[in-house]
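Here is a short briefing for a reader who is meeting this structure for the first time. Please look over the sequence and the model before reading on.

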Amino acid sequence: MNTCCHVQRTPGSVEGAEICVEEEVIFAAKASLQNKHPGDEKPTFCLKFCGDGTSLSRNAGMCVMSFSMFSDKSSSDTSFNCHQHHAVAVVKAQESYDLYRKPFCNVFKSINTLHNRGTIEVDGEEFPVKVFLAADYKFLLMVLGMSGATGNHACIYYKVHKNYRGDMSKPEDFYSDPSFKRTNEDMHKCADKQVYGCKHKPLVNLPPENIIIDELHLMLRITDRLLENLIQDVSDCDDKEKIGAMAKSLANEKSHLNGLVNAIREAGVSFKVWETRDKNGKGTGSLEFSSLMGEEKKNLLRKLPQILKEKHVLHQNTEINVIEIWEKFAQVYFAITSSFQNEAEVTEKHLFNMAKDWIELFLTLAGKRKGYEIARVTPYMHILVHHVPNLSMLHLGIKQFSAQGMEKLNDVVKCIHKQHSNRIEACASVIQTTWRQNHLIDQKRVPREYSKRKLEYWQKDIFENRKRPARETEADDIGIAVDDMSVGDLKAKLKEIGVATKFGSLEKLRDLLRSKL
């Protein structure tokens, strides 16, 4: 089948491979029309283009651009399936504006052509088409030629300074003024003058309403900020009660930090907090925590507020406000990702007021607790208030523009590169493999149905297992805190038990000591 897949090198000197975008679009349209019944209204095809980078090693990365297609008359569930995402270009390099401008130039040229033409021809019949760009914020900023998310004018929709992102005194239509709104023509002019965060000319000619923020990354980044604030809150409680150093606080079962970790585990999420260490193995005083996936974060939004009400691990004078911040964000997030088939159920003003009230509540803790200052209102938070309500009503929700399928495709690409590719023409191998998977999807083996015999396990026991902390090592069981020992301490202990070593690496010394105990 590889002979049927017309792969060609991407422009430039960087290793990359691509296929014709329009040919793949027509194939996807034909597959979609197979489900059309006689007498059905002619569908409008919606093309969602995504892009993202994935790391292959410490210094190597791979960037992928793909598209998925859904009809305005059909369900949006296909957007979450990685096999419905057609990879059209793969380049082995780290993400940057120049990378997307040169090797991916044919892809962006096809995107602009499809948008300007507004139709595609399938078997001699023309169908209307809408083109969208949906991805995480980093990718959107690069493609639009803007500076990073920490820049002064980081909003991709309006020319608002970062100092005013948290200003909730403005009415709903304040930024609708043409002088604030970004357009494609305006972004080209700003790029020439290097103003309002525009460093380069945008690579796409799409209107702002066709550029959609990914709801999954929006939720992940905001809950990261809320989780950081929770950990800071309980750490301050431990400091006031003089529980001791960071390491002692983590080990003390009665500490507030330990109580928060147990509360998160009770929500059915595997979670751990640890103190970062320098090259000598000594604690730095700063904490890091487990990186959670999308479904785990959604579980926290649903269950954590109620558990925190019962645990009382936060500061008593602000506990109610902190829990309410989590509850209100959950309400906003699940509202914008719900079905909008019945437009009377929710209005743009209702969504705007919900998000605005949440930001105002967030800012009430400024000066009382760390992490709630107006400077901590991120671009994602600003977009949630001023842009997501309008986009949700315009497109009947933003769930269908989720990049969840693209994230899964990244995992597939990495797997293909690590296991199946000969590394000589890695990008071409990835394109051919994903192309075969898409074109042979009808021949896919149907998995055997699994019947859940012990329903009690799936409804209760599985969550109880996730609440249990990670298993301690044998070295910890016998009273030796290997993770707290420095390089010198480890070598001294190894010498004491008669082990000579030339290892200088902290991790290797720890592994060696554990194996000898």
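A residue is called buried under 20% relative accessible area, exposed over 50%, and partly exposed in between, using a 1.4 Å probe and protein chains only. The model is predicted, so local features need pLDDT of at least 70 and side-chain atom pairs count only at pLDDT 80 or more, while totals for chains, interfaces and linings use all residues. Residues are numbered from 1 along each chain as its sequence is written, and side-chain values use heavy atoms, with hydrogens and water left out.

**Salt bridges**
- The structure holds 20 salt bridges, each being a side-chain nitrogen of Lys or Arg within 4 Å of a carboxyl oxygen of Asp or Glu.
- One of them joins the side chains of Glu-228 and Arg-376 at 3.4 Å, N to O.
- Glu-228 is partly exposed at 35% relative accessibility, and Arg-376 is also partly exposed, with a relative accessible area of 25%.
- Another salt bridge, at 3.6 Å from N to O, is formed by the side chains of Lys-189 and Glu-185; Lys-189 is partly exposed at 48%, whereas Glu-185 is exposed at 56%.
- Arg-221, Asp-224 and Lys-297 are linked in a network of salt bridges.

**Nonpolar core**
- A nonpolar core is a set of buried Ala, Val, Leu, Ile, Met, Phe, Trp, Tyr and Cys residues joined through side-chain atoms within 4.5 Å.
- The largest nonpolar core has 140 residues, of which Phe-104, Ile-120 and Leu-384 touch the most other members.
- Apart from that core lies another, of ten residues, among them Val-482 and Leu-512.
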